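Subject: Structure for you to look at

Hello,

Please find the structure below. My notes come after it.

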Amino acid sequence: VSSGKLLKASIMTSSDARLPGFTYLAIMGLLTSIGALATDIMLPALGVLGRDLGVGDINHTTLVVMVFFLGMALGQLVVGPLSDAYGRKRVIIWGYALFIAGCGLSMLAGDWWLMVAARFLQGLGAAGPRVVSVAIVRDEYKGRAMARIMSIIMAIFILAPIIAPLMGQGLIYLGGWRATFAGLILVAVPSALWFARAIPETLPQDRRRRFTPGIIADGILEVCRTRVTMVYLLVMGFVGGPFIAYLATSRQIFQDIYDAGDMFVIYFAMGSISAGAASLLNARLVMRHGMRRLSFIAMTTLTLISALLWGWTEFVGHPGFILFMVWQTSFIFCIGMIFGNVQSLAMEPLGHVAGLAAAIFGAVSTLVSLPLSWLVSGYFDNSIAPLVAGFAIAGAMSLALMRWAGRA
């Protein structure tokens, strides 16, 4: 109830920009959350899925998380220019159709590599709703107003990692790990229909750019020459690396290290609630304090708490469960303050190529994240030390880039 009141207040207290209604925000939240939903709903199933499909090393089950992000990264490079040429709505509907096909293939997979291929297909499809939704917002808003709206959307988006593991656990009890993909289809179909009916096309014909290699190359060059955009693209990539590793190894951390059992989904959801609270707080503060200041404070906090816990693991020993939970909720709170602001900062100068810019930002930042996430999760060996070290190092690198961008 308190979160609902805070959300309503966040929408109604702005005198600086026209803000959309709840339907718009809810649908944009659904579009944005498709990647989180597709990842988090199957986290409780990773262990049994790996055993059923003959995976020898349990660490290799994280591949189904990472290949999904790889598919989404590569897909964004296509859907962004397509949405600039053919409109936002058509590309999102195409993406949903491909995502649903990938979910159906996952339900039928009897082989590990077929499952990996199906997850890649899901990622390709999820790229449409995920990246084009950002372009839709940028079509109508910019600057701090966009950051505020993205923060509210992120607060709605956070419902996915809160609900998805619980939903996944329930579906596993009812029908095994294959039922989690049926659950994704049951969410995706009404979401696509609601979007198609409720959201108008935001890119008129006279603002569209032809889908040609030359125009796309010019757009890519413009994005690459925009220093602020490239800096915050790298920042998102650096922080996203250990965050994807956290998602991929969370089941092992809670169930294998801390013996949480089925309570894993509850503890995981606590971190997501923290991110939602941060996004709502950011929506209230960003119009007054600005995106750069808030994201820098959050990044500094993330770096310090991770460095301190890394030192604890090295010199004191493995942290207890309560200390880990304090760090988990704290670092995810910082993530909730960082992601919406960083994305808005990167998109601010590029409204005239919003689809392509959002695509490049999403794709390249994810491609930066994936090797880092594979490195962090690859060192996982019944210790959280690689994870907290990853956040500490990535945070320090991001702070250096953000300070440089501020002086530019």
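Residues are numbered from 1 along each chain as its sequence is written, and side-chain values use heavy atoms, leaving out hydrogens and water.

The mean pLDDT (the predictor's confidence in each residue, from 0 to 100) of the protein chain is 83, and 91% of the residues reach at least 70. Helices here are DSSP runs of H or I with at least four residues, numbered from the N terminus. Helix α1 (residues 2-12) has the lowest confidence, with a mean of 40, and helix α14 (residues 291-315) the highest, at 94. Over residues 1-16, pLDDT stays under 50. Where pLDDT is low, the predicted coordinates should not be read in detail.

Leu74, Leu77, Val78, Tyr86, Trp94, Phe211, Val364 and Leu367 make a nonpolar surface patch of about 650 Å². (Patch residues have over 30% relative accessible area, by the Shrake-Rupley method with a 1.4 Å probe and only the protein chains shown as cover, and no salt bridge, meaning a side-chain nitrogen of Lys or Arg within 4 Å of a carboxyl oxygen of Asp or Glu; nonpolar side chains are joined within 5 Å, like charges within 9 Å.) Two or more residues each come from α5 (63-86) and α16 (354-378).

Met299 lies in helix α14 and is buried (under 20% relative accessible area), at 0%. Its contacts (heavy atoms within 4.5 Å) beyond four places in sequence include Val235, Ile338 and Met402.

Regards

Terms used
Predicted model: local features only at pLDDT ≥ 70, side-chain atom pairs only at ≥ 80, totals over all residues. Buried < 20%, exposed > 50% of the residue type's maximum accessible area, 1.4 Å probe, protein only.
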